[in-house]
Amino acid sequence: QSRNPGEVEFQQAVKEVFDSLVPVLAKKPHYIKQAILERIVEPERMISFRVPWIDDQGNVNVNRGFRVQFNSAIGPYKGGLRFHPSVNASIIKFLGFEQIFKNSLTGQPIGGGKGGSDFDPKGKSDVEIMRFTQSFMTELSKYIGPDIDVPAGDIGVGAKEIGYMFGQYKRMRGGFESGVLTGKGINYGGSLARKEATGYGTVYFVEEMLKDKDLSFEGSTVVVSGSGNVSIYAIEKAQQLGAKVVACSDSGGYIYDENGIDLSTVKRLKEVEGKRISEYVKEHPQALYVQGFSGIWSIPCDIALPCATQNEINENAAQVLVSNGVKAIGEGANMPSTLDAIDVFLSNGVLFAPAKAANAGGVSVSALEMAQNSARLSWTFEEVDSKLHEIMKNIYRESMNAAEEYGAPGNLVVGANIAGFVKVADAMIMQGVI
Ligand code: NDP
């Protein structure tokens with residue numbers, strides 16, 4: 001803690017992983033001698049830079065840009081870019097740290113990285129977003145490349161922002177290095193099913209977890225927080241599997257529709273019109289809009305899929321979910337449950353799918369996008385989706401096996417942390433003290 005003062009989110013993410021590793025260190029004491037823990041918490045490189053840009057009124061604005069290149073033991077750094085006013089070094093480091101183990105779990109050759117800026121895209125014109133992203137990429141382009149570091153989207157960074165950044169990278173570096181960014185438009189090197197991958201992947205993972213207990217999405221009541229990229233496609237897949245999704249949210253509040261959310265309205269409001277979720281009730285008067293996003297966890301449900309942001313379920317919210325009879329939690333967002341909340345779920349027998357396993361579908365398909373770019377070909381939606389499905393099943397099995405092997409059967413938090421860690425630790429040792 002003294003090396004990373006005030007970095008509470010980063011410390012929380014490290015604690016969750018390290019708590020799981022106790023049985024691993026007992027079995028493999030050479031990790032201690034090799035100072036693997038000390039090395040793995042220290043990023044290989046942390047870049048912080050000024051991003052100046054001019055708004056539509058002619059004012060000069062300055063934001064801060066970040067890229068953490070955390071670990072390249074098993075492949076080039078890979079991880080998204082987040083544009084949100086809450087972004088700081090701690091948030092970027094927690095996300096980058098998680099990414100190391102998540103990427104390892106996918107079975108793809110990708111290391112861990114993450115980046116972003118405290119820029120707030122909300123309320124900005126298209127031209128302002130373009131000016132900002134061009135300024136951001138002008139600096140970032142010095143540090144990334146298809147075999148070095150491959151950023152993607154995250155909160156506040158979708159296909160539009162990736163497109164502007166790709167254009168600027170091309171201008172700065174020349175050539176057409178399509179593998180430098182993932183989440184690109186389909187017409188210039190993007191992969192089909194990337195947009196759907198994180199949400200679908202989360203549901204595929206939870207489906208496996210439910211199957212083991214003879215449960216399923218069919219006929220279940222589901223609550224999904226957020227209404228962004230991950231949420232929309234988690235809702236879509238859950239509905240395809242026969243669930244009734246009764247609520248979703250944005251940072252302003254949540255909607256409750258006892259008939260089941262009409263996803264086409266949410267998609268239009270969020271993906272096309274860029275409106276608030278409160279607008280939903282204008283078209284669906286039977287639905288309820290409640291201000292404040294955290295109240296969503298008081299809605300009774302069988303399955304809860306937090307897909308908005310970190311620490312959105314605290315101990316109190318977890319207790320309410322449990323007392324309302326929740327059976328399973330699938331983390332679509334990164335670290336959406338606090339450590340106390342996870343304790344509440346595990347100690348009450350709630351099935352719990354932790355983020356670094358459950359939301360690994362997005363980065364998995366990003367790695368498939370890189371593979372398609374290298375081979376200069378494009379797979380069909382069905383090909384990518386079926387590879388994604390297989391990857392999520394594998395991650396589930398590997399995490400369950402690791403939990404069993406290290407004395408915590410059924411505990412996917414422990415299992416995912418261990419399965420992700422061991423591969424990276426072994427690769428680090430094989431590459432010497434670097
Ligand atoms: P989006 O920007 O598309 O959507 C984010 C959603 O969460 C929006 O509805 C947003 O509401 C809400 N939200 C964001 N910040 C807050 C906050 N502080 N409080 C309450 N609500 C908030 O992002 P994504 O869907 O891409 O990402 C969501 C989560 O999933 C993040 O944790 C991200 O790291 C994680 N993730 C994303 C992946 C991807 O492929 N996109 C891959 C793996 C993980 P509003 O619009 O009002 O801000």
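## Lys78 and its contacts

Setting aside residues within four places in sequence, Lys78 is in contact with Asn103, Ile110, Gly111, Gly113, Val150, Val363 and Ser366; two residues are in contact if their C-beta atoms, placed from the backbone, lie within 7 Å. Lys78 is part of strand β3, residues 77-83. Strands (E, at least two residues) and helices (H or I, at least four) are DSSP runs, numbered from the N terminus. Lys78 counts as buried because it has 27 C-beta neighbours inside 10 Å. Here a residue is buried if 20 or more other C-beta atoms lie within 10 Å of its own, exposed if 12 or fewer, and partly exposed in between, with C-beta atoms placed from the backbone.

Before going on, please keep in mind that this is a predicted model, in which local features need pLDDT of at least 70, side-chain atom pairs count only at pLDDT 80 or more, and totals for chains, interfaces and linings use all residues. Residues are numbered from 1 along each chain as its sequence is written.

## Binding sites from the record

An unreviewed UniProt entry places the feature "binding site" at Lys78, Gln99, Lys102, Gly153 and Ser366. UniProt positions are given in the numbering used here, feature names are shortened, and annotations may be inferred rather than shown by experiment. Is Lys102, from this list, buried or exposed? Lys102 is buried, because 28 other C-beta atoms lie within 10 Å. You will find Lys102 in helix α5, residues 89-105. Not counting residues up to four places away in sequence, Lys102 touches Lys356, Ala360, Val363 and Gly420.

The unreviewed UniProt entry also gives "binding site" for Thr198 and Asn229. These two span 32 residues in sequence, yet no two of their C-alpha atoms are more than 8.1 Å apart, so they gather at one spot. Thr198 belongs to helix α8, residues 194-211, while Asn229 belongs to helix α9, residues 229-240. Thr198 is buried because it has 30 C-beta neighbours inside 10 Å, and Asn229 is buried because it has 26. Beyond four places in sequence, Thr198 touches Asn229, Val230, Tyr233, Gly332, Asn359, Gly361 and Gly362. Counted in that way, Asn229 touches Gly158, Lys195 and Thr198.

## Around the ligand

How many residues surround the ligand? There are 23, and the closest are Gly228, Ser251, Ala308, Ala333 and Gly362. A residue is near a molecule or strand if its C-beta atom, placed from the backbone, lies within 6 Å of it. Helix α9 gives the largest share of this shell, three residues.

By class, the shell has six nonpolar, 15 polar and two charged residues. Ala, Val, Leu, Ile, Met, Phe, Trp, Tyr, Cys and Pro count as nonpolar, Asp, Glu, Lys and Arg as charged, and the others, Gly among them, as polar. The shell draws at least three residues from each of domain 1 and domain 2.

## Two domains

Domain bounds come from an automatic or database domain assignment. For this protein chain, the assignment gives domain 1 (14-42 + 189-434) and domain 2 (43-179). Their centres, taken over C-alpha atoms, are separated by 22 Å. The contact takes 35 residues from domain 1 and 25 residues from domain 2. On the side of domain 1 that touches domain 2, α1 (8-20), α14 (355-358), α15 (361-375), α16 and α17 each supply at least two residues. The largest share of that side, nine residues, comes from α17. By class, that side of domain 1 has 18 nonpolar, 13 polar and four charged residues.

## Helix α15

Now look at α15. Of its 15 residues, 12 are buried, so α15 is largely enclosed by the rest of the structure. Its buried residues include Gly361, Gly362, Val363 and Ser366. What covers the buried residues of α15 includes β3, α5, β5 (149-152), α8 and α16.

The expected span of a helix is 1.5 Å times one less than its number of residues. At 1.5 Å a residue, the 15 residues of α15 should span 21 Å, and the end C-alpha atoms are 21 Å apart, which agrees. After α15 comes Arg376, with a positive phi near 55 degrees.

## A loop residue, Tyr406

Tyr406 sits in the loop between α16 (381-405) and α17 (412-430). Tyr406 is buried because 22 other C-beta atoms lie within 10 Å. Apart from neighbours within four places in sequence, Tyr406 is in contact with Pro23, Val24, Val414 and Ile418. Ile418 is 12 residues from Tyr406 in sequence, and their C-alpha atoms are 8.5 Å apart in space.
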